[in-house]
Every structure is written in structure tokens, then in C-alpha cells.
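This briefing is meant for someone meeting the structure for the first time. Please look over the sequence and the model before reading the points that follow.

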Amino acid sequence: MFEGLADLPWWAPVLLCLAALLAGWVDAVVGGGGLIQLPALLLVPGFAPVHALATNKLGSVMGTLTSATTYYRRVRPDLRTTLPVAGVAFLGSMVGAVVASHLPTSVFTPVVMVALVVVLVFTVARPRVGSDEEDTLPLPASTLLLRTVPFGALVGFYDGVMGPGTGSFLVLGLAVLTRCTFLRASATAKIVNAATNLGALAWFVPLGAVEWRLGVLIGVANMLGGYLGARTAVRLGSRFVRAVLIVVVSALLLRLGYQEFAG
């Protein structure tokens, strides 16, 4: 049973912070930081999966809030549609967290793998999606809301249940539904992703599932990674974001495939 940071060898918090730093960077660029941070937490001796999931949310929300702020200052996503989507994603994440506390996440793994294959094939086959050339004239706000609010609720639910890959789904989905660049989609995705993390925390905190000292520790590292990742994405643009999206989705597919078929 996990008793606290004092029970860990000195190198364990160092490795967790390095994992959180890298996770924050990846999450800020295109999402998928949970692919790195959550498995690292699951390696902590005596750490129950529900505590790892809850503590991961605390660290992630600190990083996503940092990257969302960094993006907003430089990219200025449209809050008229972003905030409603974030609101329904928050509620969807709370519902997903309730489901996660009663069902094994392995139930959802095959569905997630199919969705990731679709994301990967679509991104590779449609190189113009999310590019600067596809950044068309803004759609009417009512059209954007009709397209993105149901999508936000669905992705929020997934984030509450499992988490890894949420940012990747958001980036591609928002780029397609709103016809914007990957860079602008990443900026919007970070605000929505911060809301989904907060929604899951709203359920996990009253349960006492969060290990606060460990969560804050990795959260500080995640914040630094989030800041650096957002700055990198803004500097290198949508083509870079697209390349990282393909790498992250491929890595997530390999990890889930190994977990599903080798376990």
C-alpha cells in the first residue's frame, strides 16, 4: 500500500518529474501526455489504479492550464465557441469519472484503438487538414456550436474514463469540424482539456483518491513542460503539430495494442 513520498526511493520522484515534464510538452503540442505520465504513476509501488488516475488528473490540469494560458496569449482562440465546448466537456468528464470508478478501463480499449486508427489514417491521408491552406473564413457561431458541443461532451466522457489520447482526438476533431489550422485547434483543445481534467477531479477529490503531494510535484514539472510545448508549437506552426500528432497517435496505438494482446 502506498503511504507517501517518504516511502519512495530518491530516484522515483525524479523519474516521475522527468516523465511529467515530457508529458506536459507532448500534451501542449498535440495531446497524449497521459501516454507517458499515467504509466509512470502506475509503476509506483502500492499505488492503486484509481489513485494513479486521480493523481494524474491533478498533475495534468496544472500543465493544461499553463499551456492554455500560453496559447491564448499568442493564438487567441474564439472563446464564444471554446467556452461552451469546455463546459459540456467538463460535465462529460465528470460522468466518465463516475463510470471509471465502476468499470475496468479495458472494456473501452478496443473502441479507443479503432478510433485511433481512424485518426491516424485520416491525418496521413488528408495532409491539407489542419494546414494553413485549409484555414478558411470563420464559420457562423451557431454552426460551430452545433458541430463542436456534442463532440466536446463525447471527448470529455472519454477523458474521464481513460484519458490518454484525449488531446489528440480534440486537435484533429476541432481542426476538421471548425476548418481551422492544427495550431489553432491545439490552442482550443488545451482550454477544453483543462475543463475535462477539472471535471474528473471534481469527482475524484471527494473520494479521497488524489495523492496531493505527489500530484503537485508532478504538476509543477507538467507546467514547465506545458509552457515549453506551447511555445514550441507556436514557433514551429501547424506542420510541426501535425507531425507530432502522427507520432503520438502511433505510439498510443502500439501501447494499447501491446496492453490488449500481450496482457
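The model is predicted, and each value given here was computed from it or from its sequence.

**Overall fold**

- The protein contains ten helices and zero strands, and its order along the sequence therefore reads α-α-α-α-α-α-α-α-α-α, with each symbol standing for a helix as defined by DSSP runs.
- The C-alpha trace spans about 55 × 35 × 35 Å when laid along the principal axes of the protein.
- The radius of gyration is 17 Å, which agrees with the value near 18 Å that a compact globule of 263 residues would have.

**Surface and burial**

- The accessible surface of the protein amounts to about 11,700 Å², and carbon and sulfur atoms supply 71% of that surface.
- Of the 263 residues, 54% count as buried.
- A nonpolar patch on the surface is formed by Trp 10, Trp 11, Val 14, Leu 15 and Leu 18, which together have about 600 Å² of accessible area.
- Trp 10, one of the residues in this patch, is placed in the segment before helix H1, a helix that covers residues 11–30.
- With a relative accessible area of 69%, Trp 10 is exposed, because the cut-off for that class is over 50%.

**Asp 27 in helix H1**

- Asp 27 lies in helix H1, and its relative accessible area of 9% makes this residue buried, because buried means under 20%.
- When neighbours within four places in sequence are left aside, the residues in contact with Asp 27 are Gly 32, Gly 33, Thr 64, Lys 190 and Asn 193.

**Thr 181 between two helices**

- Thr 181 is found in the loop between helix H7, which covers residues 166–178, and helix H8, which covers residues 182–207.
- Although its place is in a loop, Thr 181 counts as buried, because its relative accessibility of 7% falls under the 20% cut-off.
- Thr 181 and Leu 245 are separated by 64 residues in sequence, while their C-alpha atoms are 13 Å apart in space.

Conventions. Residues numbered from 1 in each chain as written. Predicted model: local features only at pLDDT ≥ 70, side-chain atom pairs only at ≥ 80, totals over all residues. Heavy atoms only, no water. Patch = residues over 30% accessible without salt bridge, like charges linked within 9 Å, V, L, I, M, F, W, Y side chains within 5 Å. Areas by Shrake-Rupley, 256 points an atom, 1.4 Å probe, with all protein chains shown as cover. Salt bridge = Lys/Arg side-chain N within 4 Å of Asp/Glu carboxyl O. Helix = DSSP H or I, 4+ residues; strand = E, 2+ residues; numbered from the N terminus. Buried < 20%, exposed > 50% of the residue type's maximum accessible area, 1.4 Å probe, protein only. Contact = heavy atoms within 4.5 Å. Rg over C-alpha atoms; globule rule 2.2 N^0.38 Å.
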